[in-house]
Amino acid sequence: MVWAPDAPTTAGAGPAPLTQLQTLRLLDTGPRGLTEDQAEARLLDHGENTIPAQRPVSWPRRLARSLRDPFTMTLLALGLVAAVISSWGTAGVIVLLVVASCLLRANGEFRADRSTAALRRLVATTATVRRRAHEGGEPREREIPVDQLVPGDVVKLGPGDLVPADVRLLRAAGLTVHQAPLTGESAPVPKRARDLPEGDDHLCWQGSSVASGSALAVVTATGGGTRFAGAHHAPARRRSAFDQSVNGISWILVRLMLVVPPVALVAGAVLRGRGLEALPFAVAVAVGLTPEMLPVVVTTALARGAALLARQGVIVKRLPALHDVGAIDVLCMDKTGTLTRDRPVLSGSVGPDGRPDPEVLRWAAVNSFWTLHLADPPIPDPLDEAILECAPDLGDTEGLEATPFDPARRLSRAVVRDGGADVVVVKGAVEAVLDRCAMGPGDRLRAGEVAGALAEAGARVLAVAVCDRSAAGPGTEGGLTLAGFLTLVDEPSPDAAAALALLARRGITLKVLTGDHPATAARTCRELGLDVGAVIEAADLTAASAERATVIARCTPDDKARVVRMLREAGHTVGFLGDGVNDSPAMRAADVGICPRAAVDVTREAADVVLAGKDLSAIDQAIVAGRRSTGNIVTYLRIALSSNLGNVIAMLAAGLALPFLPMLPVQVLLQNVCFDVAQLAFAFAFDRAAPAVLRGPFGLRPRGILGFIARFGALNAVADLATFTVLTQVVGAGDERSFHTGWFIENLLTQAVIMLLLRPVVPVSPPLWLATGSLAAIGLLLPLSPLAGPVGLTALPVTSCLWLVLVAVLYGGALAVLNRRRRL
């Protein structure tokens, strides 16, 4: 069954397949296509051609989804505990933190996705559709976004195209389709335009892609009515290294937060005889350990980095991919079209004995010329174009029939009339052509040795053979006579050498995965100044050799994906750069898929990062932006968690030593809110990255971050305990209100010092100066304001404030010395 005006269904589901004419009548269309008015009416009836699951997430839904963050859920649980024990001040501040965090995060993600969607429209997938201006008008072919397709549209398909909807073939030439997303078949599946079909080889489904050949087809189902939408949802994206790292840090801190309140309660009850009246303080201390702004800082930092890249023409389609780009330590890439120009250059033509022979080039040009002109529709090929650019006079030839290059048979065939005789001219892979030549074992061996020597010199080798048509027989290429060989070389891209050298200086290991001969790939790499090292073939691939090799040759698309998986299993963060249909499996297997904007549709859809052009220097821009964004996130985590951990340790210790609580719950939470707001400067400042961050792969490393906060958190706890000593022994702040005020001031001062000094680079950006200055001002001025009374603070003598400033200065000096030693 196919779509009908009164009953939309999925194509190919009925028990009795329809003929092409019946299908067109049922769809109320024809080979000339729909009129614009018909297409507009059907678009209103059936909606855009988009998968329902891929529609944008609304802002309210994002807000609700942000509540599932582990930190947010823990805060809500602590707020619920505070409400149960009637600590309304604590519960109110917690609710304020949760609402602020969720609003900022949802708004940041919504704006980031909206910007990304706008950028994605610049590279949106399009389809070639045949439509008419009015009922009697002539059909015209034009490109439209795939979401504007409707049932009954007539579309053209070519190599590399995504199948934009479920379609029924009307005409096909050498069409093969990758439909692994639907059926799991890894090899391309041949398709035919049969009028009375058997099976489903006359159908193509949305989600598949054209591997070779061309076709004209009518759309039978779109959007939610396609087989892809109804029976096979899009596979879940792999969990990125960024998500794993953030979740790992999150759950470690959540477990610690769940331990703090019981420990504080039990210790207070045993040593100080406190009961449930200490529960609000324990809850506030647990909240103080939480980096509530983590989701906001992460989203904002990545979105800002993506926005800066967008100005340079680099589109980040998935925000976490920006972190993964910065963490790449192995970059795999295809050779043709990436390291070299898209068009090869002819370097020579030799006879079967290896001696120069211009006649071989003439026959190759005859094959290329008539293959291009007689194919329906014409399918240009870079090799044919390179041959024709250097071709001599073709002579008096007339093309009779031609078969374009077939990836399965690895050759092309043309039948021409040359000087009154009908001649079959075949050009293609050496093995495929030699297998069709009538020659003895000795001649075949010598020809193979000549071709092998040419390939070992780094050239791409094509064999050319001819025979009289009567000797070959209709439709076959047997009984051929070898004319000789053509050699072609790939001209390196002019900017590739400098870009590869820059990537190597960034600490990235480069690997070239190609379907070419090993010597051809090695020759190109040497010309670009790349240290070739080990060169292996995909057939000999092992996990150890994948680590060791620089060039892996004779790779199929599945081989490329297998190399990427091996490297990821070995612990590497792997990026893959490519632009062809055969690169998409490796892109999906990699941590980050990268392609130029001019890549074929299926590859562009699989990519996480889309470059403005084929300038490899754009990759370095993405890497620098990714490392800077990650550096800001790591800086936030180090500062927030070091300060929070130190404060919690000191609070628990002071709570056991004092006859009263060291700070009131509302003071703990107020201090936490001020610190959180100040730390937003790390997301908006986008500080210049430290040299160490840009020198090598940089990502979130939970162990390194936890080790850092353990060392500097302990130092912060020492500073807080020194404050405790000053307040009790020097200043003489023995009453609760004065002690609370002194510790509140000191905590905000030390937090401002941490933000300034515990950073990887010395220059301080204006947003950071403003944030730290405001934090210190709040600490010193709040006790003097009318708000002091409601939160339990009081004015301190000037001498007491000077003592507290001195402690902060000494702490800053110790922090600067230790941080400098760590950087050295």
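## A buried cysteine

Cys 204 has 0% relative accessibility, so this residue counts as buried. The cut-off for buried is under 20% relative accessible area. Keep in mind that the model is predicted.

How many disulfides does the structure hold? The count is zero. A disulfide is a covalent bond between the sulfur atoms of two cysteines. To be counted here, the two sulfur atoms must lie within 2.5 Å.

Take Cys 467 as a case. The closest cysteine sulfur to its own belongs to Cys 437. The two sulfur atoms are 9.0 Å apart, which is too far for a bond. Cys 467 is also buried, because its relative accessibility is 8%.

## The whole protein

The protein has 824 residues, and 54% of them are buried. Its secondary structure includes 30 helices and 22 strands.

Now consider contacts between residues at least 6 apart in sequence. Of these, 73% join residues at least 24 apart. The accessible surface of the protein comes to about 34,100 Å². Carbon and sulfur atoms account for 60% of that surface.

## Helix α28

Helix α28 covers residues 736-757, which makes 22 residues.

Is α28 largely enclosed or largely open? Of its 22 residues, 18 are buried, so the rest of the structure largely encloses this helix. An α-helix has 3.6 residues a turn, so residues three or four places apart point the same way.

## Thr 176 in strand β5

Strand β5 runs over residues 166-178, and Thr 176 is part of it. Is Thr 176 buried or exposed? Its relative accessibility is 18%, so Thr 176 counts as buried. The cut-off that decides this is 20%.

## Pro 60 in helix α3

Pro 60 sits in helix α3, which spans residues 59-66. Its relative accessible area is 56%, so Pro 60 is exposed. Exposed means over 50%.

Pro 60 and Leu 103 are 43 residues apart along the chain. Their C-alpha atoms are separated by 9.8 Å.

Methods: Residues are numbered from 1 along each chain as its sequence is written. This is a predicted model: local features need pLDDT of at least 70, side-chain atom pairs count only at pLDDT 80 or more; totals for chains, interfaces and linings use all residues. Side-chain values use heavy atoms; hydrogens and water are left out. Helices (H or I, at least four residues) and strands (E, at least two) are DSSP runs, numbered from the N terminus. Buried means under 20% relative accessible area, exposed over 50%, partly exposed in between (1.4 Å probe, protein chains only). The expected span of a helix is 1.5 Å times one less than its number of residues. Contact means heavy atoms within 4.5 Å. Accessible areas come from the Shrake-Rupley method with a 1.4 Å probe; for residues, only the protein chains shown count as cover.
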